[in-house]
Amino acid sequence: MSKDDKDKVQIIDKDLDLSNAGRGVWLVKVPKYIAQKWEKAPSNMDVGKLRISKTPGQKAQVSLSLTPAVLALDPDEKIPTEHVLDVSQVTKQTLGVFSHMAPTEAAAVASNGKENGTGAASATPDSEKLYMEGRIVQKLECRPIADTCYMKLKLESIRKASEPQRRVQPIDKIVQNYKPVKDHAHNIEYRERKKAEGKKARDDKNAVMDMLFHAFEKHQYYNIKDLVKITNQPISYLKEILKDVCDYNMKNPHKNMWELKKEYRHYKTDEQKDEEKAKSDGSDTE
């Protein structure tokens, strides 16, 4: 994003609800197959049960068991049900959990609060609610117990990963999704234009030089494309002649342009121009 785009970004101040800022929460990392199950589960379903066993002088042992209701969401897919959560303390970081309520959701909460007579009735349909849900005090990594079900799951995932994404498939009939074009329109147009112009023939060198000198009487600098149009000569032949009578500029302000060599230049000086102008003015007065 450029600086101008950053200046155009509209910054809007919003209130942040900090009523739960002192609450300690856990940050749990779960396997992908558990996350997919939980995404399919409805909001009112129990997805798992935590068991915490404490032994004096040792870390708390935390385990997770998936509920039968979650497993029933996709009975054909067998996944481990028992998991162990490795606990680690958060000491050198300050992490928090925030929630965001869209304006439509805030409006629904406002209408429900108004009907129930609660304080949420003050929210407007266009309001946007931001909450701090708590401060992360522990990180937990959920890992399955290496039982037979887990080994089968890993074996299946390895088999799927090793399958090639593309396969050769024999077909019994011609499949034609598009019709090939024999010749494209721009190629036909180019050949017709070249045919109409004809092949450029080399003129006599002296005649080409005369055309060049006549052109340089009008302008001091030309590029090669303009000279090709003026002389109607092949570019390779024209360059051979230009090298004899012209210099090629390699520096600005006339880079990549041709100019007559010094011995061929006959530009009028300012004094000569003034004399010719004076003569022309004198003839007009007579």
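**Entry 1: Arg-143 and its partner**

I looked up Arg-143 first. Its relative accessibility is 42%, so I log Arg-143 as partly exposed. I am working from a predicted model. Which side chain does Arg-143 meet in a salt bridge? I find Asp-86, with 2.8 Å from N to O. The pair ties together distant parts of the chain. Asp-86 sits in strand β5, while Arg-143 belongs to strand β7, residues 129-144. They are 57 residues apart. I then checked the cover on Asp-86. Its relative accessible area is 34%, so Asp-86 is partly exposed.

Next I turned to Lys-37. Is Lys-37 buried or exposed? Its relative accessible area is 3%, so I note Lys-37 as buried. The cut-off for buried is under 20%. The side chain of Lys-37 forms a salt bridge with that of Glu-77. I read 3.9 Å from N to O. The rule asks for a nitrogen within 4 Å of a carboxyl oxygen, so the pair is counted.

**Entry 2: a network**

I moved on to Arg-159. The side chains of Arg-159 and Glu-163 meet in a salt bridge at 2.5 Å, N to O. Which residues make up the network around them? I list Glu-156, Arg-159 and Glu-163, linked by salt bridges. I also checked accessibility here. Arg-159 comes out at 39%, so it is partly exposed. Glu-163 has 34% and is partly exposed too.

**Entry 3: whole-protein totals**

How many salt bridges does the count give? I log nine. Among them are Asp-86 with Arg-143, Glu-77 with Lys-37, and Glu-163 with Arg-159.

For the secondary structure I note 10 helices and nine strands. The protein has 286 residues, and 19% of them are buried. Lys-37 is one of the buried residues.

I then looked at contacts. Of those with a separation of 6 or more, 63% join residues 24 or more positions apart.

Last, the surface. The protein exposes about 23,200 Å². Carbon and sulfur atoms supply 51% of that area.

Notes
Residues are numbered from 1 along each chain as its sequence is written. This is a predicted model: local features need pLDDT of at least 70, side-chain atom pairs count only at pLDDT 80 or more; totals for chains, interfaces and linings use all residues. Side-chain values use heavy atoms; hydrogens and water are left out. Buried means under 20% relative accessible area, exposed over 50%, partly exposed in between (1.4 Å probe, protein chains only). Helices (H or I, at least four residues) and strands (E, at least two) are DSSP runs, numbered from the N terminus. Contact means heavy atoms within 4.5 Å. Accessible areas come from the Shrake-Rupley method with a 1.4 Å probe; for residues, only the protein chains shown count as cover.
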